[in-house]
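Please look over the sequence and the structure shown here before reading on.

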Amino acid sequence: MKELAQLLNGMREAGVISDYALFGAAAQMRYTEPVATLDADVLVKVPGSGRLDELGPIYQFCATKGYHPEGEAIRVGAWPVQFVPVFSPLTREALEQAETADFEGVPFRVVRAAYLAVIALSVGRAKDFTRILALLESGGVTRQEVASLAARHGLADAWKRFERRFLNE
Amino acid sequence: MNDIQEMLKRQAAWQRSRQSLTWPEKIRMAEMVRESVKQLRASSGPRGKQETSAQRIFRDQAD
C-alpha cells in the first residue's frame, strides 16, 4: 500500500492526475477493524477529463514505472488497483474533501468516513450496507453526518430506508 | 449460557483490539486475509468441493 501511495503522489506531481483519494474497503479500515478485500479502489481526477480513454494517461504512467494491467486493475505491489474517475457530484466532493493520512511516512490521500458511508449508500449492495454499519459502529462517522451528506446528494430516501431496515428497532 | 456470554464478550474485546491497530497494520492483515480468500475462491470452482458457509462469507464480503 505504501508503494501505491508513492505511485499516486508521483502521478499527481507529474500532472497525470489532478488529485486522487483512496476509497472502498482499504480506506474504510482507517476507522474499522480489518476487512477482507481483493483490491484497492482509487478515485482520480484527470486533467481535461471527458476524453474516451480517460484512464489512458494513468495506464501509460504506470507502465513507465513498471506497473502493468491485470484484468481491469493495475498490479501495484500486493494490490490490484482500480482507478475510478470521479463520476458524480458526490464522488467529486469526496475527492475534494479527502484528507491526507500518513502511511508509514508517506502522505496518502484518503476519502473521509462520511463520504465512504454515503458512497456505499449510493451503491447499495449488501456488502455496502455492512460497510456503513461498520463505519457507524466504529464511531468514525455519526448517523447525523451521514444523513446530512446523503440529503445534500439526493440520497435522503435511501438513507431513511437504510435507517428503517438496520438502525431503527 | 454464561459460557456463551463470556465467549461473546471475549470476541467483542478481540474485535475492538483489532480496530485500534494502526491503519498500516490493518492493511497488512487484510493482505494476509486476501491471499486466503483467493485460495478459497480457487478451490471453490464449479467442479471443486462444495463451498462451506465460511468460504461463502469471505467470498461475499471481499470486493
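This is a predicted model: local features need pLDDT of at least 70, side-chain atom pairs count only at pLDDT 80 or more; totals for chains, interfaces and linings use all residues.

Residues are numbered from 1 along each chain as its sequence is written, and chains are lettered from A and ligands numbered from 1 in the order in which they are written.

Strand 6 of chain A runs antiparallel to strand 7 (residues 106-110) of chain A and is joined to it by five bridges; strands are DSSP runs of E with at least two residues, helices are runs of H or I with at least four, and both are numbered from the N terminus. Two strands pair if DSSP finds at least two bridges between them. Within this pairing, Thr100(A) has Arg109(A) of strand 7 of chain A as its bridge partner. The hairpin of these strands has two residues between them, and Glu104(A) takes a positive phi near 50° there.

Confidence is given as pLDDT, the predictor's confidence in each residue, from 0 to 100. Chain A averages 94, and 98% of its residues score at least 70. The lowest confidence in chain A falls in strand 3 (residues 69-70), at a mean of 92, and the highest in helix 7 (residues 143-152), at 98.

The domain assignment divides chain A into domain 1 (2-111) and domain 2 (115-167), with bounds that come from an automatic or database domain assignment. Taken over C-alpha atoms, the centres of the two domains are separated by 23 Å. Their contact takes eleven residues from each of domain 1 and domain 2 of chain A, two residues being in contact if their C-beta atoms, placed from the backbone, lie within 7 Å. On the side of domain 1 that touches domain 2, helix 2 and helix 4 (89-96) of chain A are the elements that give two or more residues, and helix 4 gives the most, with four residues.

The largest nonpolar core has 61 residues, of which Val111(A), Ala117(A) and Val118(A) touch the most other members; such a core is a set of buried Ala, Val, Leu, Ile, Met, Phe, Trp, Tyr and Cys residues joined through C-beta atoms within 7 Å. Helix 5 (residues 113-123) of chain A supplies the largest share of this core, nine residues. Each of domain 1 and domain 2 of chain A contributes at least three residues to this core. Leaving aside residues up to four places away in sequence, Ala117(A) touches Ile132(A), Leu135(A), Val141(A) and Val146(A).

Chain B has three helices and zero strands, and buried residues make up 10% of its 63 residues. Ala13(B), found in helix 1 (residues 2-19) of chain B, is exposed, with 9 other C-beta atoms within 10 Å. The contact between the chains takes 18 residues from chain A and 18 residues from chain B. Helix 2 (25-28), strand 6 (99-103) and helix 6 (126-138) of chain A each supply at least two residues of the side that touches chain B.

Key:
A residue is buried if 20 or more other C-beta atoms lie within 10 Å of its own, exposed if 12 or fewer, and partly exposed in between; C-beta atoms are placed from the backbone.
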